[in-house]
Each structure stands twice: as structure tokens, then as C-alpha cells.
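This briefing goes through one structure topic by topic, for a reader who has the sequence and the coordinates at hand. Please keep the structure open while reading, so that each residue can be located as it comes up.

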Amino acid sequence: MTIDRLELRLLRLPLVQAFETSFGRVHERTFILVTAVGDGVAGVAECVADADPYYGPETTETAWHVISSFLAPLVLGKAFAHPRDVFGMMRLVRGHAMAKAAVEMAAWDLCARQQGVPLSRMLGGTRAVVEAGVSVGIQGSLDALMAKIEEELAAGYRRIKIKIKPGWDVEAVDRVRSRFGSIPLMVDANAAYRLEDAPHLARLDPYDLLMIEQPLDHDDLFDHASLQRLIRTPICLDESIQTVRHARDAIAAGACRVINVKPGRMGGFAESLRLHDLCASRGVPVWHGGMLESGIGRAHNLHLSSLPNFLLPGDVAASRRYYQPDLIEPPIEVLAGGMIGVPAGPGAGVTIVPERVARATVRVVVLEAR
Ligand code: OSB
Ligand code: MG
């Protein structure tokens, strides 16, 4: 198969509710929608790079530049046997995983649509529904946090994750445990601490958290290994796992006991599958992360989440928590019991509403094989 044309579309969508992490508060998402066309069929994927380089080094503008100037020439008009080969076709370009992932995942969607099968089937998924968890941002007050968690539990979510940072951590967890008892609970620090904070982070140990996600620096493995020896709460790595090699080294070093999979961070589905398989072979459970995606990226995440080593609920919540309306119709909803169905149609299996995409569009470019 080949990709004959790539369309990049920069979109800006307001969030239903502002989302705050240790690196700041966002009120809207700016992201690129990539459409890959081959043999008259279109595949679509969402680039998870944001306007700011705060979660990781990429931004929407670096992704736009790298895809249009460097990745598009490597893939346009070039025959490949399977979309798992697309990542390798882009290996001349170092890093820029989010830019690569958007191109690669659009190729998977294209291929699945050409074959008329759901993405989950092509990826090796084994489940029709997946367990949904939610990521609850830092709130204005602890009372507001309690109200938010109450709302999410009532919606059925099977695991609560709260964002933490210095000054919003032990007390918040203590309040949640006193109020809601032994619910499945975890925290995500988005790299807000240093190894010197180990005694402070050990104060979370009595609360039986499922895990603490990314306590230390975005590119660190060594200090995480030291920290894991000092705290009982299992460490889960997010930002620090940008390649399968990072995961291999992290597991060998004891830097984590759980890994979060985000295909955008890994450079696409093929590398995410390799990460999934490596973790399965080492007995390390994985779960699917989220990047405040619209329903398009959310659907891709659900397909990948249907693989067998996704043993913990993911950040794969319903559309309505993020965008109203979403770019897709019908939106993604949480079923009774906190499960979400993996879309059953061809490719990502969701229907994009073109007028909503048009309304959110800031800029478009079409790149063709030459
Ligand atoms: O660290 O998992 C993260 C959102 C943006 C960037 C990084 C992260 C997150 C989330 C929200 O935690 C996940 C979601 O609900 O999509
Ligand atoms: Mg995280």
C-alpha cells in the first residue's frame, strides 16, 4: 500500500473544563489532525503534541514542521507491506515521536479501512470493552476535588487518578481516602518532584495507592530506580518511556513496576505494540494513558487498550468530559460498570462530523507525492 496524500489540519477546540497539572492549566487543546489518503481511502489520526512543550519537547508547530518538511517526503508515494513498517520508514528523523505517531496511526487507520476491519483486530486486541478510569486535574480547593471525584465515581469510573504537585499531594490523598474509602486510587506528578523528596513521597505509602505516576524528571530512569527502593508505592513511568529501549532499561533497573502506554509518546502503534509485548514478557502490567484527545484520538486509544496486557483501567474516559460537542458522532460514552466499548466499525470506527472539524480549523496544508 501507499500514502498518496497527507492533509495536515491545525485545530483549536475549547475544553469543557480547564485541566490543571503540575506544569500548568489548559483551557483548550490545539492539535493537528492528520489524514492519509491511499487508493481513494482516507485514514485519520490525531497528533497529541500540544501548543506548549511542557509535557514533552514537541509542540504542534514542531510537529507541523517535521511532518511537512521531513516525514511526508519519507512516506509519500513509498510502497509498504503493512503499517507496522511506517515507523521504520521514518527512522532517519531522530525523536519527534508525536509527529511520527500521527502519520503512522493514520496509515494504520487507512489500512484497516481498506480491509474493512476494526483497528483493534489489526492490532491484536482481544476485548470488546475496556475498563475506564479518569484523570482528575488539580482543583481550586480540596472541597472542589471531593465534589469532582464524587461526580466521576457516580458516572461509574473504575479508577480515580489525581494530579499532584508539591503542596497538593499528601493532604489531598488523605482527604480522598477518608471520604471515599478503598476506591482504586493513584496519583500522577508529571515530573514535579526530585529524589530529595523521597521522604515526603514515602508519606503516601500508607494510603495503598495503585501507583505513583512519573514522580521525577521527564528523561530520568536512574533516580526513579533509587526512589523505588525508598518508597513502597509502585512507580509507573509515563514521560520517561519514549522508546522500547527506555522501557527495557527501566524494568531492568527497577525504575518502575507499571508502565503507561501512549502511542503518541512512543511514535505510533507499532512501537506501542513492542512496548506492550516487552512488558508482558517481563510481567509488568500496562495501562493506556490519555492526552486530552478528541474522540478521534480517544477511539484509537480504545482499540489499543483492547490488547491483553492492558491489565489496569486506562485514562480513556467519555467524550463529554472534554469536548461538547466532540468531533465525532455519536460521542464515546461510558457504559454501566465503568466500561467503554471498543468501536466495531472499520478502522477507528468513529464518524467524524466535517462541519465541526471545519469550525475548529485554524490552518490546512495538503502534501502530495512528487
Ligand atoms: O500525564 O497523563 C498525563 C493530560 C495531558 C498531558 C499529560 C497527561 C494528561 C492526563 C489526562 O493525565 C489524561 C486524559 O484524560 O486524557
Ligand atoms: Mg501522566
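Which residues does Ala317 touch, not counting residues up to four places away in sequence? In this predicted model, Ala317 touches Gly133, Val134, Tyr157, Arg298, Tyr322, Ile332 and Ile340.

- Ala317 is placed in the loop between α12 and β12, the latter being residues 339-341.
- Although Ala317 belongs to a loop, the residue counts as buried because its relative accessible area is 1%, which is under the 20% limit used for that term.
- Between the C-alpha atoms of Ala317 and His218, which are 99 residues apart along the chain, the separation is 24 Å.

**Magnesium site**
- Asp188 (OD), Glu213 (OE) and Asp238 (OD) coordinate the magnesium ion (ligand 2), at 2.1 to 2.3 Å.
- Along the chain, the donors of this magnesium ion follow the spacing D-x24-E-x24-D.
- Asp188 and Glu213 are both buried.

**Helix α1**
- Helix α1, which covers residues 60-75, bends by about 45 degrees at Ile67.
- Ile67 is itself one of the buried residues of α1, a set that also contains Thr60, Ala63, Trp64, Val66, Leu71, Ala72 and Val75.
- The packing partners of these buried residues are β1 (5-21), β2 (24-38), β3, α2 (86-89), α3 and β13 (361-368).

**Cavity**
- The structure holds 1 cavity of 30 Å³ or more, and the largest cavity contains about 80 Å³ of space.
- This largest cavity is lined by 14 residues, of which Glu46, Val48, Met105, Gly264 and Glu293 are the closest to its centre.
- Two or more lining residues come from each of β3 (41-47), α3 (97-115), α10 (263-266) and α12 (295-305), and α3 gives the most, with 4 residues.
- By class, the lining of the largest cavity divides into 8 nonpolar, 3 polar and 3 charged residues.

**Largest pocket**
- The largest pocket has a volume of about 720 Å³, and among the 26 residues that line it, Phe87, Gly95, Ala97, Gln242 and Thr243 are the closest to its centre.
- At least two residues of this lining are supplied by each of α3, α9 (244-253), α10 and α11 (269-281).
- The lining of the largest pocket is made up of 8 nonpolar, 8 polar and 10 charged residues.

**Second largest pocket**
- The second largest pocket has a volume of about 450 Å³, and its lining of 32 residues has Phe19, Thr21, Phe23, Met291 and Leu292 as the closest to its centre.
- The elements giving two or more residues to this lining are β1, β2 and β6 (160-163), with β2 giving the most, at 4 residues.
- The classes represented in the lining of the second largest pocket are 11 nonpolar, 6 polar and 15 charged residues.

Note on methods
Residues numbered from 1 in each chain as written. Chains lettered and ligands numbered in written order. Predicted model: local features only at pLDDT ≥ 70, side-chain atom pairs only at ≥ 80, totals over all residues. Heavy atoms only, no water. Donors = N, O, S within 2.8 Å, 3.2 Å for Na, K, Ca; no water. Buried < 20%, exposed > 50% of the residue type's maximum accessible area, 1.4 Å probe, protein only. 1 Å grid on protein atoms, 1.4 Å probe; cavity = no way out; pocket = protein on both sides within 12 Å on 5 of 7 lines; lining within 4 Å. Points joined across faces, edges and corners; volume = space filled by probe spheres on them. Nonpolar A, V, L, I, M, F, W, Y, C, P; charged D, E, K, R; others polar. Bend = angle between axes of the 7 residues up to and from the residue. Contact = heavy atoms within 4.5 Å.
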